[in-house]
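Trainee: Could you walk me through how to read a few features here, starting with contacts?

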Amino acid sequence: MINLRPPESLASAAAGAASPSSTVTAEKAISFISRGWREVKDSADADLQLLKDRANLFKNLATSFDRELENFLTSASKSTIGVPAIMSSSPEEIDFVKRLQPKLSEIRRAYSSPDFSRKVIEKWSPRARIRLDLSAIRNIMSEVEVGDDSYGRRVGFTDFRWDSKGEVCSDEGQFLDWEPIRAFKTRLRELEQKNSSSVIINLKNSEFVEKVKSSLKSICKEPSDSKEVPPFDVPELLAYLVRQSGPFLDQLGIKREIPDRIVESLCSKRKDQLVLRSGEAASMIEGDNINDELDLRIASVLQSTGHHYEGGFWTDSSKRESPDNSKRHVSIVTTASLPWMTGTAVNPLFRAAYLAKSAKQNVTLLVPWLCHSDQQLVYPNITFSTPEEQEVYIRKWLEERVGFDANFKISFYPGKFSKERRSIIPAGDTTQFIPSKDADIAILEEPEHLNWYHHGKRWTDKFNHVVGIVHTNYLEYIKREKNGMIQAFLVKHINNWVARAYCNKILRLSAATQDLPNSTICNVHGVNPKFLKIGENVAADRNRGEKSFKNGAYFLGKMVWAKGYRELIDLLAKHKNELDGFKMDVFGNGEDAHEVQKMAKELDLNLNFMKGRDHADNFLHGYKVFINPSISDVLCTATAEALAMGKFVVCADHPSNEFFRSFPNCLTYKSPEDFVMKVKEAMENEPQSLTHEQMYKLSWEAATQRFLEYSDLDSVLSTERRSNSNLVKSMSMPNLSNIVDGGLAFAHYCLTGNELLRLCTGAIPGTRDYNEQHSKDLRLLPPQVENPIYGW
């Protein structure tokens, strides 16, 4: 055992520790000794590890060499062609290797045995154990203070243990830490932990970490946000209940403004409560639309609860799936057809032509087919044996007026003419005459008329979007009949019923019609391009100084009292003296022609009655003033045609004429006296020529554009057709309006299926299904096959 003692000079210097630098000197001495001891220990450990590695390396080398030798001998013993290098060796070399193999194997076994490594380590391991005797330093530095320990007290060298417990353990060959070194290590670990914790705290408070937190919060919204949404209160629940009860209130005849006012009042109370609670107005109630605010409030609360509504009892998912990239299909269904010159026969025909002109969608026009007996009552001096003959007539008439090839399909559905109603009623389920592959968008011309007695599939179930266009003011016509007010009351609610049940959107040509659910006022009719051409010729004649109008005033329309004949006779009879010398020609045919002419003759009115003519007839070009006193029309097509031809138009100040007021040649009157003044003004002056903007406003191009905009077809046609295999309905909550609409459709289906109820409400007998003649003309299945009656 080697004992190392400090030099005498060091001991003598330490004895004079009374100087102030003694503490620093002691610290340096301890640091030097510790560093040297650590270096010696590390060096010895490294040498031992090197010896072990070299022994293992030699062992592996012997094993590898033995394996290669065996492979060599094995390959040499085989006379295969695949090893040319081995086969080229001489027999003497191979014999030498065979003789060398036992010796090498013996060497390998000797040096690969476990005893070899142990013997090497015993031979080369250090024989001396180093042991430090620091008692002198302990005696010298016994009174020297080192510093504060981890508990905050002063620590001196007397506090350390200087015995041999911290020295080398001779049995295991491992070095234990010296007591001062162990205390120093403890201090270092504490300092390291303290520094690491401070670094983590600084990192948490850094700007970078705050930005990362804010980014993560914006990406992943915490569910705790939903818990902050306040629950519903009583005013909100009442407001939502009143608004959802709109269909019931509307059916009871309550005006739409009353529920809206109640909802607005309840929502305003809610706003006041929020302002009082928070001291300032919340952002969610700053909007002007009360309904949007209420919807947002309902949706936010339901979203916070995680509630989802997956459709309801009336939800129908039977709409068809269409192939990708296919064109949309528009089906136009109307209640009349040429050669019956009525608005519901002419205007849908032009609409189909101009919708098909863009070639962006396929178009089908579905018109009624009448049996021969009904054709004789409706069509003037012409009948058709087959639907193909009538289709040829329709296309020829249209091409003569539009000037282009209208590429659309014409189909027929069975119908019957009602003499009492002077209209055609569909027979059977009209929806079945549109193939399922074409059932995409439906345009119902006169939706209330088409669905009064409709007994079949719901339009909104078969089609993706259904638009109704109201042409006729039926309430005004019915009021003129016997017990008209009672009938008008019932018809009003029936119209409301079927319109709500079968249409997604309704367009009213003017405010003269009944206010129906989901309706918007817009004139979506144009005039025949032929009339605009006539107006251009009149303007050209005026520029050349020629006089185009040689005749005075005229009126043209179907000769029934409801078309304005009663108003015309009353005005002329009341002011016959003021209009002395005024003459007027009347063109028209109709059921009331005899009565109208008789009354005019009895009152000695200066009216000249003639047979009905096409408004574009050359005979009518020379008239300067068109007089239309009717207040039963929704939007008079003849009035628009007269304006397009550059004529004066004298008409009543009525909602049906609202669209025409912007034209300078339209003279509206508010009283009988004003009527006389407007007639004299028109007879004494010349009408103005139309501008290009005014002519475009009257055209079918502009009318088609307005139709696409106000019917929401712009957005519907721009989206891909719905694929029902992937269609999953998910709403925040059930819509009471949709539930009511589905219930109304189901109730209407049940009621119209009863023949007794149909007859009581004025239906034509046998119109629930088509008859034998219809099946022959349209080549349909026989009625008893299409609608079999079991048990009879």
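Mentor: Happy to: contact means heavy atoms within 4.5 Å. Setting aside neighbours within four places in sequence, Glu567 is in contact with Arg480, Trp561, Pro629 and Ile631. This is a predicted model, where local features need pLDDT of at least 70 and side-chain atom pairs count only at pLDDT 80 or more, while totals for chains, interfaces and linings use all residues. Residues are numbered from 1 along each chain as its sequence is written, and side-chain values use heavy atoms, with hydrogens and water left out.

Trainee: Is Glu567 buried or exposed?

Mentor: Buried means under 20% relative accessible area, exposed over 50%, and partly exposed in between (1.4 Å probe, protein chains only). Glu567 has 15% relative accessibility, so Glu567 counts as buried. In the chain, 42% of the 792 residues count as buried.

Trainee: Which helix does Glu567 lie in?

Mentor: Helices (H or I, at least four residues) and strands (E, at least two) are DSSP runs, numbered from the N terminus. Glu567 lies in helix α21, residues 565-574. The chain has 31 helices and 18 strands.

Trainee: How do I read the packing of two helices?

Mentor: Two packed helices are described by the angle between their axes and the distance between the axes. Axes are lines fitted to C-alpha atoms, for helices over the stretch in contact, and angles run from 0 to 180 degrees between N-to-C directions. Take helix α13 (residues 343-357) and helix α15 (residues 387-402): they pack at about 70°, with axes 11 Å apart. That makes α13 roughly perpendicular to α15 (under 35 degrees counts as roughly parallel, over 145 as roughly antiparallel, 65 to 115 as roughly perpendicular and the rest as oblique).

Trainee: Which residues make the contact between α13 and α15?

Mentor: From α13 come Val346, Leu349, Phe350, Ala353 and Tyr354, and from α15 Ile394, Trp397, Leu398, Arg401 and Val402.

Trainee: What about α13 and α26?

Mentor: Helix α26 (residues 700-710) packs with α13 at about 85°, their axes 10 Å apart. The two are therefore roughly perpendicular to each other. On the α13 side the contact includes Asn347, Phe350 and Arg351, and on the α26 side Trp700, Glu701 and Thr704 are among the residues involved.

Trainee: How many of the 15 residues of α13 are buried?

Mentor: The count is 13 of 15, so α13 is largely enclosed by the rest of the structure.
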